[in-house]
Amino acid sequence: MQAIKAGIVGTGFIGPVHVEALRRLGYVKVVAVAERDVDLAQAKADELSIPKAYGDYRQLLADPEIQVVHNCTPNHLHFEVNRNILAAGKHIISEKPLAMNSTESRELVRLAEAAGVVHAIDFNYRYMPLVQQARIMCQATDDVGRVLAVHGTYFQDWLHKDTDWNWRLVPEFSGESRAVADIGSHLCDIVQFVTGLKIVRVMADLVTIHPVRKRPKVEVETYAGKVLDLSDLEEVAIDTEDYASILVEFDSGMHGVLTVNQCAAGRKNRLSFEINGSNAALAWNQERPNELWVGRRDGPNQTIMKDPSLLYAEASEYAHYPGGHNEAYPDGPKNLFRNVYGFIAGERPGGDFATFVDGHNEIAICDAVLKSNQEKQWVDVNY
Ligand code: SOE
């Protein structure tokens, strides 16, 4: 396949994840990286062996050899950077959340469609082999049957203590919602992706477990670990949620409950769902991604191990190693990028990836969650 050239804007936690996943495709060349200043851009380019470094992402957008741009910046820059990538006529893969609110995300969908470029959003967990298998079991076969109820959680502990700090705690950078926008977005996406149902109403209760946190005077990257020097911290009031309970109603009329918690000790990145169907139930957990539990009332329960020879054909193409050779977190973005770049190259006409429309839909849910929490009542999602 002819090489496709990509540029990356932003090199915090997620930028290098994109670079690594793209390189594993073989035919994508990451030719440039942009950061907020040229020294940082050059340092990251050297570290990652990327030929060009730009201190302003607009220079990267003006680079004629770059065909696809990945927006890996913090949340508050998503809208502006996405808008400028589209104005430059480049194909685009954005990090989630797509923007800071649904007015912005609706505008991005409009601009992306008008630009006629390929647009995708990094809902990476969709592309794990057993999530694909679960989708087929729910939607293309009678394995699960009618969905009766959905239960989902996303638990993490990297913000467990009041001394844990990160830019995501500052609403100007992260948005009015924190935990729901950051990880609840994946949870809403995955339960809808697997079941094929759409969330139409929500009733949400948001809690700030640590209303005051202690901020270190130096910048701390996501997952940078525990603050070691506790002597030089300043107290900061926090008004975004650490924890959310969300009752949801789907367009089928069935209900579900989603819980998000970034202060759950011991849960590192536990995105999980359980779907109760009329024929069987399914449960999957991102921390053990190679197992899919199937629950039965009138027969033995089962654990499907990730093994391409045992999965439905459409799911097995997401599994690249034999059974027992486990696949995990880095394989989600790789499979997503395979689908997007395959589409750009004309090799995968199906367009089997999440687009800006999915990114906008998730923000519409997040807006409804915030409104419901404020009004203490059920709120319709305004897509
Ligand atoms: C931090 O909560 C984070 O890195 C999210 O931003 C990602 O989207 C999620 O995949 C893992 O956790």
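These are my notebook entries on Asn-285 and the strand that holds it.

Entry 1, ground rules. I worked from a predicted model, in which local features need pLDDT of at least 70 and side-chain atom pairs count only at pLDDT 80 or more, while totals for chains, interfaces and linings use all residues. Residues are numbered from 1 along each chain as its sequence is written, and side-chain values use heavy atoms, with hydrogens and water left out.

I found Asn-285 in strand β14, residues 281-285 (strands are DSSP runs of E, at least two residues, numbered from the N terminus). Asn-285 is buried, at 12% relative accessible area (buried means under 20%, with a 1.4 Å probe and protein chains only). I then looked up its side chain, which reaches the backbone nitrogen of Glu-287 at 2.9 Å. Leaving aside neighbours within four places in sequence, I list Arg-270, Leu-271 and Ser-272 in contact with Asn-285 (heavy atoms within 4.5 Å).

Five of the five residues of β14 are buried, so the strand is largely enclosed by the rest of the structure. I checked both faces: Ala-281, Ala-283 and Asn-285 cover one side, Leu-282 and Trp-284 the other.

β14 pairs antiparallel with β13 (residues 270-277) over five bridges (pairing takes at least two DSSP bridges between two strands). Here I noted Glu-274 opposite Ala-283, and a hairpin of three residues joining β13 to β14. β14 also pairs antiparallel with β15 (residues 291-295), over three bridges. Ala-281 has Gly-295 as its bridge partner in β15, and the hairpin from β14 to β15 runs through five residues.

Methods
Helices (H or I, at least four residues) and strands (E, at least two) are DSSP runs, numbered from the N terminus. Buried means under 20% relative accessible area, exposed over 50%, partly exposed in between (1.4 Å probe, protein chains only). A polar contact is a pair of N or O atoms within 3.5 Å; within protein, one must be able to donate a hydrogen and the other to accept it, and residues adjacent in sequence count only if both atoms are side-chain atoms.
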